Amino acid sequence: MIVGTQKPLQEIVSSVSEYHKVLVVGCGTCVTVCLTGGDKEARRLAAALDQEFSRKENPPSFDVLTIERQCERDWIASFLEIPNDTDAILSLACGAGVQTLAAVYKDLPVIPALNTTFLGALDRPGEWNEKCVGCGDCILTHTGGICPVALCAKRLFNGPCGGTLNGKCEISAVIGREVDCAWYLIIERLSRLGKLDEYHKIRQPKDWSAETAAGPRTLVHTG
Amino acid sequence: MSFFKVNEKCNGCLACVQNCPAGALNYMDKDASRKIYHNLSLCARCGNCWRICPQAAIDFQQLLRGGWDEVIEMELIHCMVCGEPVYTTGVGKTLSEKLEREVAALCPEHKKSFPLNTWKRIAQGRGLHTGNGK
């Protein structure tokens with residue numbers, strides 16, 4: 001799923017301070033599940049903003065609505081009821097949702113309340129970890145289902161670098177938390193599967209044009 | 001049918017209600033009883049309820065697999081030649097209205113292979129329906 005984290009409150013305060021009536025919009029799918037942008041978080045954020053502006057002159061008012069998915073243009077146009085006099089929307093969706101709202105409400109500024117951070121999975125209750133960067137040319141068949149594009153800090157394709165130690169990446173010391181070496185995990189997994197020969201195969205260079213190098217990507221189903 | 005099911009271990013502690021990120025679980029205490037409610041439209045099916053339930057009382061598999069609720073039942077029109085269902089009487093009526101003529105009930109296979117009157121004669125010979133399911 002898409003994982004987002006809420007921006008620092010003061011950054012949001014600064015973004016909305018020039019408006020009078022702000023609609024805070026939660027999103028009911030990915031960011032609800034990762035506990036950062038659902039209805040509860042939208043209400044909590046509105047309350048926090050109310051509190052922040054309580055001692056200021058002409059504070060903005062904050063209404064809250066949540067829609068199941070902010071990335072569905074027709075849903076938004078049909079079902080999201082914007083209160084009268086709303087002069088800005090504060091969205092708790094990912095970047096796709098924010099941009100969809102902006103596309104539908106052409107005359108309203110749409111402000112992100114989250115930083116969209118990664119495509120991840122729930123590894124433990126309350127802990128989401130990055131798994132995929134959406135590179136558009138999946139190589140998981142050859143890497144034991146573990147992605148070096150997402151999990152290796154250097155995006156290496158030919159095995160571990162010299163910065164790996166006891167299965168951990170050298171960035172662990174820099175960022176202050178232990179990070180597994182992606183290639184340590186890949187080799188361990190291929191060994192378990194009896195497919196270590198996959199590691200020794202020489203492959204064509206990866207097609208990076210399938211990532212954003214060739215511009216925004218699109219998927220169109222016809223017929 | 002209910003998509004959210006709990007087993008006999010549920011003791012009504014409300015951990016699921018308090019921890020549902022989508023606000024899809026609720027409860028009501030009235031007189032001597034507590035009722036727990038689930039709203040499938042709000043449910044993100046994230047599994048948080050199942051994950052945190054201290055009693056292991058939630059049958060999350062039921063919520064994932066679900067079941068089919070009947071939405072509506074309608075009368076069908078069948079192909080006048082082979083009896084294959086082709087559309088509902090409602091669709092036949094809409095088609096006839098839009099085209100301003102009676103639409104012959106033919107499946108894709110029999111629609112264009114012979115002139116319509118030929119099929120009508122064959123169908124009458126077989127004692128099959130010859131139009132709009134009648």
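**Notes on chain B and on a sheet in chain A**

1. Chain B holds six helices and six strands. The coordinates come from a predicted model, and the points below should be read with that in mind.

2. Read from the N terminus, the elements of chain B follow the order β-α-β-β-α-β-α-β-β-α-α-α. The chain is more spread out than a compact globule, because its radius of gyration is 26 Å, well over the 14 Å that the globule rule gives for 134 residues.

3. The extent of chain B may also be given as a box: taken along the principal axes, its C-alpha atoms fill roughly 70 × 25 × 25 Å.

4. As to burial, 19% of the 134 residues of chain B count as buried. As to contacts, those in chain B between residues at least 6 apart in sequence were considered, and 55% of them join residues at least 24 apart.

5. Turning to chain A, three strands form an open sheet in the order 1-6-7, and their pairing is antiparallel. Strand 1 (2–6) and strand 7 (127–132) of chain A are the edge strands, each of which pairs on one side only. From one strand to the next, the twist averages 70 degrees.

6. Within this sheet, which strands of chain A are joined over five bridges? They are strand 1 and strand 6 (residues 114–124), which pair in the antiparallel sense. Opposite A:G4 stands A:T116, a residue of strand 6 of chain A.

Methods:
Residues numbered from 1 in each chain as written. Chains lettered and ligands numbered in written order. Predicted model: local features only at pLDDT ≥ 70, side-chain atom pairs only at ≥ 80, totals over all residues. Helix = DSSP H or I, 4+ residues; strand = E, 2+ residues; numbered from the N terminus. Rg over C-alpha atoms; globule rule 2.2 N^0.38 Å. Buried ≥ 20, exposed ≤ 12 C-beta atoms within 10 Å, placed from the backbone. Contact = placed C-beta atoms within 7 Å. Pairing = 2+ DSSP bridges. Axes fitted to C-alpha atoms, helices over the stretch in contact; angles between N-to-C directions.
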